Amino acid sequence: MDSTKRDIKSMTLEELAAFLRELGQPAFRAKQVYAWLHSRLVTSFDQMTDLPKSLRAVLEERCLLPVVQVEKKLCSQLDETVKYLFRLPDGECVEAVLMEYRHGTSLCISTQVGCRMGCAFCASTLGGLVRSLAPSELLEEVYAAQRDSGKRVDSLVLMGIGEPLDNYDNVVRFLRLLSSPEGLNLSLRHVSLSTCGLVDQIDRLAQEKMGLTLSISLHATDDATRSEIMPVNRRWPMEELLAACKRYFAVTGRRVSFEYALIAGVNDSPQQARQLARLLDGFGCHVNLIPVNKVKERPINRRSSREAIAAFAATLQKLGVNATVRRELGADINAACGQLRREHREEGAWDHA
Ligand code: SAH
């Protein structure tokens, strides 16, 4: 981004008010501009038709108005799921998925271009981390999905490409903007943030008191296995992670949920199901069992059999752990997380910048 220009879409209402004051504008302008940006979701200053032309010209000269474009769109034939490949202002691409549930429309967004966490089953981490997304770009994923679909996003999951807690400040600012009454006013109770387990950042997040649901990618029941498939475990082993989850619940009153991708021969035995139930005893939490998506370039990629998944779920339930097997929406367009971006890059349709 052009660093001499201010990113107007990442500013809070208060910051925008201060900026417009510096430009000699009357006080009412801030709410007006903020509403164009965050409620009416415009993509250019020209669309702000009730601002004087001279002010629009100054904003154009002094500010960036980041917009994401739909680079590619896959629509499921089986259900209403839509997978987007969004192009950011510098030409990098990220993925988002729009899903229809009985209780409304849900959007899954990316928080970084690539990822540096190195999980052994995940496609997003293959080329490492390119960069983190700005608050304005995170907002634009939501806005672009709404503009394109004509739907209102009712709930949001931060579960696309990237590790949200490795882009902490931008993600927190984004969530505050997204939930502002003058913006989309999305309740943070309808937001889930998924993390591989950065314990120090989980503690920080608890202190923000934002009321969002924390979802932990657990995927193993002992440190040896987890460290093998998730390098982050070498820094923050399971005992410390689970202790942080307890603290998160104590501080926020929000239950933590767990993701567990079932990988044949790695983490899907009956004994591991029992061990998981023991570990989560007393959490009162929810476990989402995910049949692992095969990523051909990753070493650990064998999906558990249907029978093993059902047996794993049944064992957890019998031991009092609330577990569900994730319904696979958009199965026909299911390039697993991070794969659409990679395919697109391999096709050479990449260098827009
Ligand atoms: N970095 C965050 C959020 C992005 S990953 C995290 O780790 O939680 C979103 C979820 O998809 C995580 O639970 C992740 O472990 C899981 N995931 C990644 N690759 C997968 C694959 N090939 N099959 C199934 N789940 C996968």
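**Close-up views of the predicted model**

Phe86 is buried, with a relative accessible area of 0% (buried means under 20%, exposed over 50% and partly exposed in between, with a 1.4 Å probe and protein chains only). The model is predicted, so that local features need pLDDT of at least 70 and side-chain atom pairs count only at pLDDT 80 or more, whereas totals for chains, interfaces and linings use all residues. Residues are numbered from 1 along each chain as its sequence is written, and side-chain values use heavy atoms, with hydrogens and water left out.

**View 1. Tyr84 and Phe86 form a stacked aromatic pair.** The whole structure holds 3 aromatic pairs (ring centres of Phe, Tyr or the six-membered ring of Trp within 6.5 Å; stacked under 30 degrees between planes, edge-to-face over 60, tilted for the rest). In the pair of Tyr84 and Phe86, the centres are 5.0 Å apart and the planes make an angle of 10°.

**View 2. The ligand is surrounded by 16 residues.** Polar contacts (N or O atoms paired within 3.5 Å) include one of 2.6 Å between a ligand oxygen atom and a side-chain N or O atom of Ser194. A nitrogen atom of the ligand lies 3.0 Å from a polar backbone atom of Gly162, and a backbone N or O atom of Phe121 is likewise 3.0 Å from a ligand nitrogen atom. Taken alone, the ligand exposes 530 Å², of which the protein buries 93% (Shrake-Rupley method, 1.4 Å probe). The shell comprises 7 nonpolar, 7 polar and 2 charged residues (Asp, Glu, Lys and Arg being charged, and Gly counted among the polar ones).

**View 3. Leu41 and Asn185 have positive phi values although neither is a glycine.** Leu41, with phi of about 55°, lies in the loop between α2 (29-38) and α3 (53-62) (DSSP runs, H or I of at least four residues for helices and E of at least two for strands), and Leu41 is buried at 8% relative accessible area. Asn185, whose phi is near 60°, belongs to the loop between α5 (168-178) and β10 (191-195), and at 43% relative accessibility Asn185 counts as partly exposed.

**View 4. Arg40 lies over the face of Trp36, and Arg235 over that of Trp236.** Arg40 is 3.8 Å from the ring centre of Trp36 (the criterion being NZ of Lys or CZ of Arg within 6 Å of the ring centre and within 35 degrees of the ring normal). For Arg235, the distance to the ring centre of Trp236 is 3.8 Å.

Terms used. Near = heavy atom within 4 Å. Polar contact = N/O pair within 3.5 Å; in protein donor to acceptor, adjacent residues only side chain to side chain.
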